[in-house]
Amino acid sequence: MKDCKFAERLKELRTEHNLDQTQLARILKVSKGTICKWEKGVQTTDLDMIITITEYFKVSTDYLLGLED
C-alpha cells in the first residue's frame with residue numbers, strides 16, 4: 001500500500017533531518033497529531049501538502065510516495 005510507504009518515508013526523512021514530530025508540525029503548519037497520523041499511515045494528506053513536504057526535504061514526490069527509491 002503506497003500510504004504505508006509515504007508514512008515510512010516521511011518518518012525516515014524527519015529523523016534524518018533530526019526533527020521531532022512537533023518541530024516538523026511547526027514547519028508544515030499542522031498539528032503534531034497530524035504528523036503522528038501520517039507516520040502511522042492512519043491519515044493521508046492532500047497534493048499541496050505533499051508538494052510542500054517534498055520541497056522542504058528536497059526529494060521528489062515519487063520518492064516520498066514510494067514510487068521510486
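**A walk through a helical chain**

Let's start with the overall make-up: the protein chain has five helices and zero strands. Helices here are DSSP runs of H or I with at least four residues, strands are E runs of at least two, and both are numbered from the N terminus. Read from that end, the order is simply α-α-α-α-α. The radius of gyration, taken over C-alpha atoms, is 11 Å, close to the 11 Å that the globule rule gives for 69 residues, so the chain is as compact as a globular protein of that length. That rule is 2.2 Å times the number of residues to the power 0.38.

Keep in mind that this is a predicted model, where local features need pLDDT of at least 70, side-chain atom pairs count only at pLDDT 80 or more, and totals for chains, interfaces and linings use all residues. Residues are numbered from 1 along each chain as its sequence is written, and side-chain values use heavy atoms, with hydrogens and water left out.

How much of the chain is tucked away? Of its 69 residues, 33% count as buried, meaning under 20% relative accessible area with a 1.4 Å probe, protein chains only.

Now zoom in on helix α3, residues 32–40. Its Thr-34, Ile-35, Trp-38 and Glu-39 are buried. These four cover an arc of only 130° around the axis (using directions from the axis to the C-beta atoms), which puts them on the same side of α3. An α-helix has 3.6 residues a turn, so residues three or four places apart point the same way. After α3 comes Gly-41, with a positive phi near 80°.

Key
Buried < 20%, exposed > 50% of the residue type's maximum accessible area, 1.4 Å probe, protein only.
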